Amino acid sequence: MGNHRIAFVFFAAFSFLLFHGCSGESDETEVDKLKTVRFGMLPYGDHSYAIIGVKKGWFNEVGINLEYKAIKIEEVVPSLKNKTLDICSTPPGVLIPSYENAPDLRMFVFGDVFQGYAILVKSDSEYKSVADFVNEGLSSEEALQEAAKQLKGKTFTYPSETAIQPFIDLVLNKGGLERADVESLVIDDPLTVNAMRRGQADFQTSGVPSRITLQKEGFRPIISAIDLVKAARPSPESKELSSVFHDGWATSKTYYEEEYATILRLASVNFRITRFMNDNQSEAIALHMPYLTEITGQPFSAEDGKIIYEDLNPFFSFEDQRPWFHDDSEPLYYKHLYGRIIKDFVNQGAFPNNVPTVDDVIFADDIYKELERLSASSEKKIKLLGTKTLSDDDKVTFEKVKHYHSIYNYYDSDRLASDIISDL
Amino acid sequence: MKRLLKKSASLVVVVIIVMALWQMLSIKVNDTTVMPGPVFIWEESFPSLAYFNGSNTPDRTQALAVIMSHLIPTLLRALIGLVFGITLGFLYGLYSHYYAAVRISSIVVLKILRNIPLLALIPLFLHWFGGHEFGNYVYIVFAVFIVVSTNTYDAVLNVPVTLINLGRTLSMRKPQIYKSIIFPYIIPEMIGSLRNVFGLIWAFVLAAEYISAQSGLGYMINRSYLHTNMGQLVFFMLLFMLLGMSTYLLFNRYTKSLTTWATTE
């Protein structure tokens, strides 16, 4: 009897392992008509906004069942490369330096501009901010130089992650300094917080979670990404562009080509969400912050949400993103910004063999322009269909066409409009 | 019963003294971001775990529910790691002596692979399995397997040759030698080895969850670390201490009877 019991337990454990390790996270019988997309988001305010679309049902509305989960930054490249995930929300600073080992990965849509990097100091320290120097009568550029010079010979703590290195070099550069001119304390992002708390470092920079933690404890920024980007020129040679970047969603080239319609639909939901975040900020925050609290285990209030949306990474609607893809006199034009980012990574030695071009890593311009083309095409068809007498079925479809057009789902709007026209 | 009560009372007194000293130290340091005391842990850090439930306010009941919901996957990973890792490790260690072909492979497994630091394998597993849950299980089973197979191999190697020769003299065949001589002889050493494994399992599970899991105590620790929440981190340290102690006591209780015949100092 004892042997049977042991055998049963063994079998049950093995079966569970087989099931648990291999099964997906959703009940596919309920959503088998929807296209399942496995989506990873980083546990930060600028990468978890897709939850707004999930809670509003917008992904389902365009035929997507989003299987989402919060992942760590180290998981982005392996998960996309191994196809454990189809899409990840990520900063470009994670994808681009991995180009040689993972050349298949691309950003296909943007949501916000990350401008959350800052140099922080103790609140009662003697160090002055850019604003302080400006108030003393200096110009913005001079104020920036003087603020950065304060780092000379002092202990500066920062993490080793690649995304932040261009910002660090830019700040030092502004003060006429190099890394050798400061006492670098390179440690994990969260440990930089403790270094500041214990007075082991004079200056600190790292990601937004650490910045929010320190600012809540009274530490203050003396130089921020916003101070730097104000002086940016519309050129990849403009070093100031190193202080900011777009956050967005990335996928593999294979997935992009095989699931192009899904990519367009995902992009449409992204734009619907960012428009909502601007037009209905309180409601967006009320949907977003509880999820951010849940995946971080830290309280994010409505006020924190406001800071994230307005100061640290403002979100841009479809219309507001137009200059990024059309206006090369705009510093944040995608070729200037990513040209700069790639240059920074070249300087760091990230590409010993193969330097990518902007178009190798960014497909967001293609998607944006395709959506514009589809928008114009469906608008034309909507105007035409408005003058025609439609059958009852076609009337229902026509309402769908107009609705999809209003929510940036230009792909389905144009497709369905074409179907109606072909019936006429 | 009297002895048990006396023992429990001593334990309670020790715990109270330690807590009191800790609280006094935290008051001296006067910075909960550096040294949170037990009172701070109970009043602030423990209830704050409710945020993992999406709660707006700290709450002990919700915090307890959150801990239980994440403890279950941690326990499951530990259990599966132990069952499969110990079984495979034990069999491999044993058969390394039994079959020549397995012995040859043990050069790679037991002499080379065992020297790779298990923590160094985490990024490799992350890239191989891309954060898939299956990768977590494979890592934990592998970690346990390496420890158990190595210890089993060494335990069998330590069986005095005279005893084995005695068995041969008595015309015992190989399976009988294993059953009557080797197994009984290696049990005390294996018990000691398994006691280590039962302690190490929490480190293996924590390492796997820390890097690439969607649930579990290691996942929560990673999030607390990301936001430098010292109170939560200390709480998890205490929780793992309790888990480790419980495992140790349970293991001792149920394996004591297997080695009553062995001399102890």
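Which helix of chain A gives the largest share of the lining of the second largest cavity? I will come to that after a word on the model, which is predicted, with local features needing pLDDT of at least 70, side-chain atom pairs counted only at pLDDT 80 or more, and totals for chains, interfaces and linings using all residues. Residues are numbered from 1 along each chain as its sequence is written, chains are lettered from A and ligands numbered from 1 in the order in which they are written, and side-chain values use heavy atoms, with hydrogens and water left out.

Now to the cavity. The answer is helix 17 of chain A, with three residues; helices here are DSSP runs of H or I with at least four residues, strands are E runs of at least two, and both are numbered from the N terminus. The second largest cavity has a volume of about 60 Å³, and its lining includes A:Pro92, A:Phe245, A:Ile341 and A:Asp344. A cavity is a set of points on a 1 Å grid over the protein atoms alone where a 1.4 Å probe fits but cannot get out, whereas a pocket is an open set with protein on both sides within 12 Å along at least five of seven lines, and lining residues have an atom within 4 Å of a point. Volume means the space filled by probe spheres set on the points, which are joined across faces, edges and corners.

Turning to the largest pocket, about 1100 Å³ of space lies in it, and among its 45 lining residues A:Lys72, A:Ile73, A:Glu74, A:Val94 and A:Glu161 lie nearest the centre. Helix 5 of chain B gives the most to this lining, with five residues.

Next, the interface, where 40 residues from chain A and 40 residues from chain B are in contact, that is, have heavy atoms within 4.5 Å. The area buried between chain A and chain B is about 3400 Å², with carbon and sulfur atoms giving 60%; buried area is the accessible area, with a 1.4 Å probe, that two parts lose on being put together, summed over both. Between chain A and chain B the count is zero salt bridges, a salt bridge being a side-chain nitrogen of Lys or Arg within 4 Å of a carboxyl oxygen of Asp or Glu.

Over all chains, however, the count comes to 25 salt bridges. One of them joins the side chains of A:Asp304 and A:Lys216 at 3.2 Å, N to O, and this pair links helix 15 to helix 10 of chain A across 88 residues.
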